[in-house]
There are 2 protein chains.
Amino acid sequence: MLATISEICVHPELHDQKKVTIQGWVTNIRGNLKIMFIELNDGSSFKNLQCVLKSDLIEFEKTENLAIGMAIEISGIFSNTPERQQFGEILVENFEIKGHNYSANFPIQNQEISLEILRQMPHFRHRTRLFRVIMKLRSSLFYEIHKFFSRQGFINFSAPILTSNDGEGAGEVFIVDDEKKEFFNKKTTLGVTGQLHAEAYALGFKKVYTFAPTFRAERSNTRKHAAEFWMIEPEVAFYNLEQIIELAVKLVQKVIKSVIIRNKDEFTFLEKVGDKNLRRRLIQFCDSQVSQISYEKAIELLLEHQDKFEEKDLFFGADLKTEHERFLAEEIFNSPVVITNYPKALKAFYMHQNDDGQTVAAFDLLVPGIGELIGGSQREVRYEKLLERMHELKMNIEDFQWYLDLRKFGNPGSSGFGLGFERLLMYVTSIENIRDVIPFPRTNKNILM
Amino acid sequence: MLATISEICVHPELHDQKKVTIQGWVTNIRGNLKIMFIELNDGSSFKNLQCVLKSDLIEFEKTENLAIGMAIEISGIFSNTPERQQFGEILVENFEIKGHNYSANFPIQNQEISLEILRQMPHFRHRTRLFRVIMKLRSSLFYEIHKFFSRQGFINFSAPILTSNDGEGAGEVFIVDDEKKEFFNKKTTLGVTGQLHAEAYALGFKKVYTFAPTFRAERSNTRKHAAEFWMIEPEVAFYNLEQIIELAVKLVQKVIKSVIIRNKDEFTFLEKVGDKNLRRRLIQFCDSQVSQISYEKAIELLLEHQDKFEEKDLFFGADLKTEHERFLAEEIFNSPVVITNYPKALKAFYMHQNDDGQTVAAFDLLVPGIGELIGGSQREVRYEKLLERMHELKMNIEDFQWYLDLRKFGNPGSSGFGLGFERLLMYVTSIENIRDVIPFPRTNKNILM
């Protein structure tokens with residue numbers, strides 16, 4: 001019977017002394033002329049299965065060309081070994097190399113390879129243990145996010161990616177057209193947010209979310225920026241700033257907890273090779289009340305440590321840099337922290353203008369190691385206020401008339417946020433470079449494969 | 001207590017005689033000077049909740065400006081009415097119009113509006129009953145697909161959308177760059193498939209899938225083509241053609257069944273306004289063995305009905321048009337049908353070349369009403385065969401060297417397919433135009449909002 005390693009290691013006792021067939025890839029080989037041990041991984045689990053080949057059962061000539069990375073199919077009797085470190089092993093009766101192997105020089109061997117070198121081979125690096133773990137956690141986190149929203153009664157809504165208006169009002173957009181440069185009837189860009197369209201859908205469905213690729217023609221080559229990344233954007237009608245902050249915190253806490261519960265082996269590995277306190281730190285965050293302070297207060301707190309920053313010019317109105325955001329989360333709060341009510345000049349046009357005339361009902365969730373993980377706001381529901389702000393920013397009103405029109409009919413106000421999926425994955429795994437949590441990362445001047 | 005209509009209508013008896021608060025939108029108003037009935041929908045359910053306002057409890061002046069489409073919040077005592085057609089009603093004690101309503105001329109009123117007119121207002125049309133149903137089913141189908149793959153042990157893998165090579169070898173691609181036309185280090189397009197990259201990830205993870213937006217600079221303005229749509233692409237190492245066909249059929253049957261079970265009210269509505277046999281037809285397909293014939297046999301069958309087609313030139317090597325595909329599914333098999341082993345000239349370069357020298361191990365799943373729903377294949381795992389085919393097609397080998405290299409190390413062969421999400425949704429809902437199953441559709445010369 002064809003089985004997976006995952007099935008076997010969940011209930012090894014049920015497979016004890018049974019004949020199983022496994023298809024997978026060789027991750028290690030050792031032995032002598034009489035007995036060989038092959039470590040096999042089939043992608044279903046982080047764990048390998050040890051396969052024992054004995055020369056009296058198997059013709060060892062067949063194994064002569066065997067090398068790490070090769071695809072094989074083996075059959076044999078599984079023995080559960082609860083007394084040993086590994087959960088069991090297979091005494092191989094049949095053994096077959098599958099497919100073609102033109103060379104034994106598979107780039108992924110068992111010696112250490114630097115992350116930088118692995119980035120040059122995105123088509124192979126997931127066959128190392130570290131990247132198997134990262135990509136498994138990526139997949140697990142991905143699903144938990146969909147599950148969270150589904151259980152909370154959200155409608156998954158597909159915002160368009162090809163758009164004729166630029167949600168954030170920033171200039172860093174990609175332009176799209178076909179070869180003849182005449183496909184669309186207007187200038188078309190890759191959307192930087194699904195929010196404006198999500199607002200339309202929140203009116204009527206109340207709770208909607210999008211989870212889709214997002215694009216920024218981002219020239220800064222930092223370890224947390226990519227030209228293509230996935231973003232989670234919920235939008236909820238009738239919600240104000242406090243309610244959307246509560247949702248944001250709940251989402252992050254819930255999906256992290258679920259991923260930790262479902263991926264014990266992967267976290268054990270990450271803690272072995274990296275941050276020993278990874279799970280302790282994450283669970284501490286999941287179980288605690290998240291602190292919340294105003295931007296104004298954040299500036300005050302940062303000013304007390306002015307000397308520690310490269311950018312020392314801190315005042316009401318200053319844009320917080322990553323160093324400031326990280327200092328708040330890492331040094332001052334030692335935990336994720338929510339900052340609210342930013343000066344309106346720092347934020348997008350669509351945010352609810354507070355009565356003080358200076359700030360908007362925005363929030364950022366800052367986390368240790370990364371800085372901004374989530375940015376969100378209560379939206380400006382007042383037609384005139386919104387229009388006034390758009391005029392101030394010299395925006396093209398015509399392009400956004402449909403968005404303004406959402407304020408005309410049954411709009412009780414809405415709030416939402418954007419959560420960078422890869423940044424969340426970086427936070428969960430403690431992986432420091434966004435290029436290492438995306439299968440085929442795209443950055444400025446860099447598009448491999 | 002703030003409740004949703006969905007919560008109440010699942011267990012109305014639990015809410016009987018309890019005070020509830022509901023936030024939602026007015027979908028209908030009738031009544032007189034003493035009693036008013038408001039139909040309220042809050043997006044959580046297809047069903048509306050009837051709210052009864054009596055002039056001795058509520059100041060009717062407050063309702064004077066009330067109009068369809070407005071957002072309101074009501075509180076009152078819910079009464080379960082199992083004896084009546086509706087599941088219950090609320091006797092309103094408090095009533096508040098939320099947000100701003102600048103005009104009573106909400107474009108969605110209760111009279112019939114044509115689909116064509118609704119297409120001009122994608123930001124409002126989901127507030128009609130038909131589009132509420134379609135988009136609810138879209139969300140439900142979306143989640144069931146992720147659930148299916150998760151339960152089957154697949155890894156969700158994000159293929160890059162920005163690519164420097166064109167998977168299908170077709171010319172219909174969008175070109176991407178920033179304003180200065182120098183963002184990337186090579187010509188960059190919006191990917192038309194995630195398959196090539198998924199093949200890399202299937203090596204090591206065995207079972208992977210992507211589910212993401214896909215783009216085609218498709219100039220043909222048909223009812224089933226869009227420039228932006230979502231595609232589901234699984235790829236499984238060790239699988240051959242027969243195994244991947246089995247997965248494709250199982251996926252479609254399973255998700256359709258789940259969606260039918262979970263969305264009874266929505267299907268009841270679709271059957272009332274459209275195809276009365278919708279569920280019967282879908283379930284019949286889900287419960288039956290799907291027929292499978294070769295392309296060669298399909299041509300033979302079609303030749304017997306040559307007169308019925310606009311394109312009568314049918315021969316071994318002819319590209320099947322939608323009319324032929326639909327005829328096979330609708331008239332000959334009266335059910336979805338799988339066609340295999342197409343002539344290699346009709347299919348992409350990466351498909352396994354059969355021993356006959358003429359055909360490739362490809363398959364299409366054709367369904368009534370649409371034609372091709374799924375296209376897939378076993379991939380060519382033999383390096384030389386693949387290279388030879390790429391030379392024949394005068395492809396730029398250098399661009400695809402990484403893809404060729406996947407054949408060098410532990411490649412047991414793999415198979416996969418692409419399933420157009422919106423086409424599946426069209427099949428499930430019986431909606432005939434792809435523009436009506438995408439929130440904000442994008443087609444040639446047409447980008448609204």
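Biologist: In what order do the eight strands of the open sheet in chain B run?

Modeller: Keep in mind that this is a predicted model. The eight strands of chain B form an open sheet, and their pairing is mixed. Reading across the sheet, the order is β6-β10-β11-β16-β15-β14-β13-β12.

Biologist: Which strands of chain B stand at the edges of that sheet?

Modeller: Look for strands with a single partner strand, because one side of such a strand is left without a neighbour in the sheet.

Biologist: What is the bridge partner of B:M231 in β16(B)?

Modeller: Let's start with the strands: β11 (residues 228-237) and β16 (residues 414-420) of chain B pair in the antiparallel sense. Five bridges link β11(B) with β16(B). In β16(B), B:M231 has as its bridge partner B:G420.

Biologist: What angle does the direction of α13(B) make with that of β16(B)?

Modeller: Helix α13(B) packs on this sheet. The strands of chain B it touches are β10 (207-215), β11, β14 (362-367), β15 (371-378) and β16. Between the directions of α13(B) and β16(B), the angle is about 60°.

Biologist: How far apart are the axes of helices α7 and α8 of chain B?

Modeller: Two packed helices are described by an angle and a distance, both taken between their axes. Here α7 (residues 264-273) and α8 (residues 278-286) of chain B pack at about 120°. Residues in contact include B:F267 and B:L270 from α7(B), and B:L282 from α8(B). The distance between the axes is 9 Å.

Biologist: How many residues of the contact of α7(B) with α8(B) are nonpolar?

Modeller: Sorting this contact by class gives one polar and three charged residues. The number of nonpolar residues is four.

Biologist: On to the two chains. How much area do chain B and chain A bury between them?

Modeller: Chain B brings 107 residues to the contact, and chain A brings 107 residues. Carbon and sulfur atoms carry 62% of the buried area. In chain B, the residues that lose the most area to chain A are B:F183, B:F409 and B:I447. The total between the two chains is about 9200 Å².

Biologist: Which residue of chain B meets A:E182 in a salt bridge?

Modeller: The count between chain B and chain A is six salt bridges. In one of them, with 3.6 Å from N to O, the side chain of A:E182 meets that of B:R219.

Biologist: Which residue in β8(B) is the bridge partner of A:D177?

Modeller: Strand β8 (residues 175-177) of chain A runs antiparallel to strand β8 (residues 175-177) of chain B. Three bridges join the two strands. For A:D177, the bridge partner in β8(B) is B:I175.

Terms used: Residues numbered from 1 in each chain as written. Chains lettered and ligands numbered in written order. Predicted model: local features only at pLDDT ≥ 70, side-chain atom pairs only at ≥ 80, totals over all residues. Heavy atoms only, no water. Axes fitted to C-alpha atoms, helices over the stretch in contact; angles between N-to-C directions. Helix = DSSP H or I, 4+ residues; strand = E, 2+ residues; numbered from the N terminus. Contact = heavy atoms within 4.5 Å. Nonpolar A, V, L, I, M, F, W, Y, C, P; charged D, E, K, R; others polar. Buried area = accessible area lost by both parts, 1.4 Å probe. Salt bridge = Lys/Arg side-chain N within 4 Å of Asp/Glu carboxyl O. Pairing = 2+ DSSP bridges.
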